[in-house]
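Subject: Structure handover

Hello,

Here is the structure I said I would pass on. Please open it alongside this message; my notes follow below.

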Amino acid sequence: ETIKQILVKIENMSLQDRYEFLTKLNYSEQEIQAINLYYEKLNKSKSKDNIPEESKDEDVIDTSDESYEEAMDNLLKLIEDNERKKGLDLD
């Protein structure tokens with residue numbers, strides 16, 4: 001649940017602010033890139049939603065709610081897996 005709260009908090013941050021915030025929380029480069037990619041796709045999808053239906057291309061990536069959910073689930077799984085790996089590291 002904490003991860004979801006962080007994702008909501010950083011949603012409207014600039015790329016630089018988001019990077020600095022996630023770095024302070026000890027997220028890895030891979031996690032930060034995955035989060036940024038998620039928001040990049042989300043923002044592109046939102047901007048395409050404002051285009052009238054007839055002008056949308058047939059080849060546009062699926063931007064349905066299911067795609068958002070799948071992307072969020074994949075992102076959360078990546079972060080949770082990395083958190084578990086950090087917990088197993090015996091430095």
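**A buried arginine**

Arginine 18 is buried but forms no salt bridge. The nearest side chain of opposite charge belongs to glutamate 40, and it lies 7.9 Å away, whereas a salt bridge would need a side-chain nitrogen of the arginine within 4 Å of a carboxyl oxygen. Arginine 18 sits in helix α2, which covers residues 15-24. What is arginine 18 in contact with, once its neighbours within four places in sequence are left aside? The list is Ile10, Glu11, Met13, Ile35, Asn36 and Tyr39.

**The chain as a whole**

Please keep in mind that this is a predicted model. The protein chain has 4 helices and 0 strands, and along the sequence the pattern reads α-α-α-α. It has 91 residues, of which 22% count as buried. The exposed surface comes to about 7000 Å², with carbon and sulfur atoms supplying 49% of that area.

**Confidence**

The mean pLDDT of the protein chain is 75, and 70% of its residues reach 70 or more. Which helix has the highest confidence, and which the lowest? Helix α2 is highest at 91, while α4 (residues 65-88) is lowest at a mean of 73.

**Helix α1**

Helix α1 runs over residues 2-10, and its buried residues are Ile3, Ile6, Leu7 and Ile10. Seen down the axis of α1, these buried residues fall within an arc of 100 degrees, so they line one face of the helix. The other side of α1 carries the exposed residues Gln5, Val8 and Lys9. Ile10, one of the buried residues of α1, is also among the contacts of arginine 18.

- Asparagine 26 lies in the loop between α2 and α3. Its phi is positive, at about 65 degrees, although the residue is not a glycine. Asparagine 26 has a relative accessible area of 57% and is exposed.
- Tyrosine 27 is in the loop between α2 and α3 as well. Is tyrosine 27 buried or exposed? Its relative accessible area is 11%, which is under the 20% limit, so tyrosine 27 counts as buried. Its C-alpha atom is separated by 8.8 Å from that of glutamate 83, 56 residues apart from it along the chain.
- Serine 28 is found in the loop between α2 and α3 too. At 26% relative accessibility, serine 28 counts as partly exposed. Between the C-alpha atoms of serine 28 and glutamate 83 there are 9.8 Å, and the two residues are 55 residues apart along the chain.

**Asparagine 43**

Asparagine 43 belongs to helix α3, which spans residues 29-49. With a relative accessibility of 42%, asparagine 43 counts as partly exposed. How far apart in space are asparagine 43 and glutamate 11? The distance is 9.8 Å from C-alpha to C-alpha, and the two are 32 residues apart in sequence.

Regards

Methods: Residues numbered from 1 in each chain as written. Predicted model: local features only at pLDDT ≥ 70, side-chain atom pairs only at ≥ 80, totals over all residues. Heavy atoms only, no water. Buried < 20%, exposed > 50% of the residue type's maximum accessible area, 1.4 Å probe, protein only. Helix = DSSP H or I, 4+ residues; strand = E, 2+ residues; numbered from the N terminus. Arc of directions from axis to C-beta. Areas by Shrake-Rupley, 256 points an atom, 1.4 Å probe, with all protein chains shown as cover. Lys, Arg positive; Asp, Glu negative; His and termini not counted. Contact = heavy atoms within 4.5 Å. pLDDT = per-residue confidence, 0-100.
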